[in-house]
Amino acid sequence: MTLPSIANPDLDILFDNQPRWNLPDYRRRGFHNFHTTMRYAMSLRAPRALPLRKQIDWTIRERPGVARFLAMPHFSAFVVLRGERILYERYAPDFGPDRPHPIMSITKTTLNLMLGRCVADGLINLDERVGTYLPEIGTGYAEATVKAVADMNVANDFSEDYTNPNATWFAMEAAVGWRLPLAGHMEETTRSFVCGITGGDLANRTGYALYKSTNSDVLGWIIERASGRPLRDWLIEIVEAAGLEGCFHITCDREGVPLVDGGACLSARDLARYGLLFARKGEGIDGRRVGDAAFIEQTRYNPGLPFEDTRDLMRYHYIHQMETDGTWLGHSGYGGQFMLANPDTGTVVVYFGVLGNTGDPDPDPNFLVPLVKMMAELAAE
């Protein structure tokens, strides 16, 4: 006897080429439960945690910029951490300090730590062709240099315009378990998908960063291949050095390859703990070091490519899987996330949100730039 079945409602495509979890009526619930919504995931936990103590500076909430972003309907969480001291934190009524939240593309920053170590150990040459490390890669990446991939400086046929329902990003979502494959289509994996990306002349002549999340997946594969260490082992090392108290959840494909381009979920406090790795230039708890201090400083001080949609509002750049203005290091995440670390002051600021409407530009510079300015000012003091 064959029992009936239906497509999983959260992952089925309903409207605008979106799965239900990412539609406006379901999106907040989908984001707040992202770690259990995706088809495949792994969870990592540190044996020892970095203890945090509160030393609240109540003037922080009185700043107009802070008050504005904490009052927005999409707001989920906000934490300001200096060393082990929580200077301020705030949560939405339907969220809390122990709840995991998707950090989306902030996940890419783990690659800065991995890549820095590989470069320092002589395992990876940034000027080498991708095809040297990954002979099986397709024409979209084979002739690009590792540095171009790390710096979002590759022109190929992959598109990541979330306002375009035909963008190839949405096919990638099926390969990593964020949606169901189209009827009659075989389910791909992360690496089969990136091998299928095509390209001709890969040189980026725009003068701006060409943001493509698949660059991060290619870079993670290179790191795994060159080091002989699975990405899971690299992530365990990072989680333990950061001294995370809760779980580091990360989505995978069906082969178990972690989605380093944007699959991690953390509590706001744990993301702040993680950010301290950059504020301390790779130094973690109990003397553990990850990444490479010189590489982190090179990331901060080398200009990289600017973002075109923020050029008239705020000048910051992309390099080595990080965003930086030359002082702070950080990264944005789809849907309203940002993590910013200032090594000069030892301060990390974290913001979680769930921007509401599919079809809106993401990242929206009118939202992101004022947010980053507010966070950067807090971190600089």
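User: Which residue in strand 9 does histidine 249 stand opposite?

Analyst: Please note that this is a predicted model. Histidine 249 stands opposite cysteine 265. The strands concerned are strand 8, residues 248-251, and strand 9, residues 264-266, which pair in the antiparallel sense over 2 bridges.

User: What sheet do 4 strands form, and in what order?

Analyst: The 4 strands form an open sheet in the order 3-8-9-7, with antiparallel pairing. At the edges are strand 3 (41-44) and strand 7 (101-102), each of which pairs on one side only.

User: Which strands does helix 11 lie across?

Analyst: Helix 11, residues 231-242, lies across strand 3 and strand 8. Relative to strand 3, the helix runs at about 35°.

User: Changing topic: how many salt bridges does the count come to?

Analyst: The count comes to 25 salt bridges. One of them joins the side chains of glutamate 89 and lysine 54, at 3.1 Å from N to O.

User: Why does that pair tie together parts that are apart in sequence?

Analyst: Glutamate 89 belongs to strand 6 (residues 85-91) and lysine 54 to strand 4 (residues 53-54), so the pair ties together parts that are 35 residues apart in sequence.

User: Is glutamate 89 buried or exposed? And is lysine 54 buried or exposed?

Analyst: Glutamate 89 has a relative accessibility of 12% and therefore counts as buried, the cut-off being under 20%. Lysine 54 is exposed, with a relative accessible area of 54%.

User: Which arginine meets glutamate 89 in a salt bridge?

Analyst: That is arginine 269, whose side chain meets that of glutamate 89 at 2.6 Å, N to O. Arginine 269 lies in helix 12 (residues 268-279) and glutamate 89 in strand 6, so this pair ties together parts that are 180 residues apart in sequence. Arginine 269 is partly exposed, its relative accessible area being 22%.

User: What about aspartate 292: with which residue does it form a salt bridge?

Analyst: Aspartate 292 forms a salt bridge with arginine 117, and their closest N and O atoms are 4.0 Å apart. The pair links distant parts of the chain, 175 residues apart: aspartate 292 is in the loop between helix 12 and helix 13 (293-301), and arginine 117 is in helix 5 (residues 109-120). Aspartate 292 counts as buried at 19% relative accessibility, whereas arginine 117 is partly exposed at 27% relative accessible area.

User: Last one: which residues are linked in a network of salt bridges?

Analyst: Lys281, Glu297, Arg300 and Asp344 are linked in such a network.

Conventions
Residues numbered from 1 in each chain as written. Predicted model: local features only at pLDDT ≥ 70, side-chain atom pairs only at ≥ 80, totals over all residues. Heavy atoms only, no water. Pairing = 2+ DSSP bridges. Contact = heavy atoms within 4.5 Å. Axes fitted to C-alpha atoms, helices over the stretch in contact; angles between N-to-C directions. Buried < 20%, exposed > 50% of the residue type's maximum accessible area, 1.4 Å probe, protein only.
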